[in-house]
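Hi,

Here is the structure I promised to pass on.

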Amino acid sequence: MNEDFGDLVAGVKSGLHEVRLELAGGRTAYEPGQEVRGTAHWRLERPAVTVELHLLWTTSGKGDQDSEVVRTVALPAGGALGRAPFQLRLPDGPYSFSGKLVSLAWHLELAAEPEHGIDRVELVVAPGGREVRLHAGA
Amino acid sequence: MRARDNPFAVQRLDRLAYRLAGGGWDDLLARLDGLGRRAAILGPEGSGKTALLEALEGRLAASGWRVLGLRLHRGQRRLGGEARARLDAACGPGTVLLVDGADELGAVEWHRLRRRSRRAAGLVIAVHREHLLPTLHRCAPTPALLAELIAELHPPCPCELPDAEALFARHAGNLRAALLELYDLHAGSRDGAAARRGFARRLGQESHDLFA
């Protein structure tokens, strides 16, 4: 199987292995409850034991960072070189938002083990696909 | 300014590397070995003890040690059941325990921890004051260090650095509190420029020539 890694939407090379998330149409902004579609690509030195997709949110700002993985999808591993399409329905909340003291961002993360290949793409999940701003100045 | 864009957001502070003065890591690790790998990191609140402990974890792991880290919160007088179970499962000749905030534990719980850690290869604690373990390193922040951290977090224009000496004094050397004051200043404006001018006024500056 030939894999073209030349046009990277997002991808991480670590040593000689590489994992990459490709979202349909390069789209990263969604309404709550919409479906995210895409393809996971991986090229590893050894056959993948697990390839998983994690949907998580993280906070940042003045307080301690918080995060939660809300969904994990196991993709068919098989082989050191592979690709797998995926579709994932986003939750209704919390919305991606930013204020002066805290921001919340959603991420889709592809993890291939045992070589610990990771790729992460940020998504906006909010009405109109636009991050909610809590203050005019934020 | 969005919280995530604030140069002094906590996730950026947590990524600051500990600046080890003197002989560097080789000296520190050699000293730790000389103390039988049972020692304490001392320092007041916000002086970088946690950052040093985290950096030490990486160095020990790179040297082939298995590292088990425990972080105790203010007022936590006892280890929880899960922490005790992790200790009992992980303590062994190849493991070094790192305990942040060990001086929060009551005397009886501290002695229980020491007893549990006997099977481990080492125990390094981070505490505020002299403790029952010999001192490996004393964290002693300075205004110059604060200025250096500010420059790393907010590099675009070094000439816009606030007065680190006054900031350091106002927070009695608590680097974290000083940096979070800068968070508040930047949060108050779209691009931080107004925040910096306000900072200068608070310091009693008549003009803005502190900043270019």
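Below is what turned up, starting with chain A and then moving to chain B.

Some housekeeping first: this is a predicted model, where local features need pLDDT of at least 70, side-chain atom pairs count only at pLDDT 80 or more, and totals for chains, interfaces and linings use all residues. Residues are numbered from 1 along each chain as its sequence is written, chains are lettered from A and ligands numbered from 1 in the order in which they are written, and side-chain values use heavy atoms, with hydrogens and water left out.

**Chain A**

Chain A has zero helices and 11 strands. Helices (H or I, at least four residues) and strands (E, at least two) are DSSP runs, numbered from the N terminus. Of the 138 residues in chain A, 43% are buried; here buried means under 20% relative accessible area, exposed over 50%, and partly exposed in between (1.4 Å probe, protein chains only). If you take contacts in chain A between residues at least 6 apart in sequence, 66% of them join residues at least 24 apart, a contact being heavy atoms within 4.5 Å. The accessible surface of chain A is about 6,900 Å², with 50% of that belonging to carbon and sulfur atoms (areas come from the Shrake-Rupley method with a 1.4 Å probe; for residues, only the protein chains shown count as cover).

Phe86(A) has a relative accessible area of 7%, so it is buried. Leaving out residues up to four places away in sequence, Phe86(A) touches a list that includes Leu21(A), Leu23(A), Val36(A), Leu53(A), Leu75(A) and Leu108(A). Leu53(A) is 33 residues from Phe86(A) along the chain, and their C-alpha atoms are separated by 8.8 Å.

Most residues other than glycine have a negative phi, and most peptide bonds are trans. The exceptions I'd point you to are these:

- The peptide bond from Gly93(A) to Pro94(A) is cis, with omega near 0 degrees, and Pro94(A) is in the loop between strand 7 (81-89) and strand 8 (97-98) of chain A.
- Arg37(B), not a glycine, has a positive phi of about 60 degrees. Arg37(B) belongs to the loop between helix 2 (25-34) and strand 1 (38-42) of chain B, and is partly exposed at 21% relative accessible area.
- Ala172(B) is not a glycine either, and has a positive phi of about 50 degrees. Ala172(B) is in the loop between helix 7 (164-170) and helix 8 (175-187) of chain B, and its relative accessibility of 71% makes it exposed.

**Helix packing in chain B**

Helix 6 (residues 143-153) and helix 8 of chain B pack at an angle of about 40 degrees, with their axes 11 Å apart. Axes are lines fitted to C-alpha atoms, for helices over the stretch in contact, and angles run from 0 to 180 degrees between N-to-C directions. Helix 6 and helix 8 of chain B are therefore oblique to each other (under 35 degrees counts as roughly parallel, over 145 as roughly antiparallel, 65 to 115 as roughly perpendicular and the rest as oblique). Residues making this contact include Leu149(B) and Ile150(B) of helix 6 and Ala178(B) and Leu182(B) of helix 8 of chain B.

Cheers
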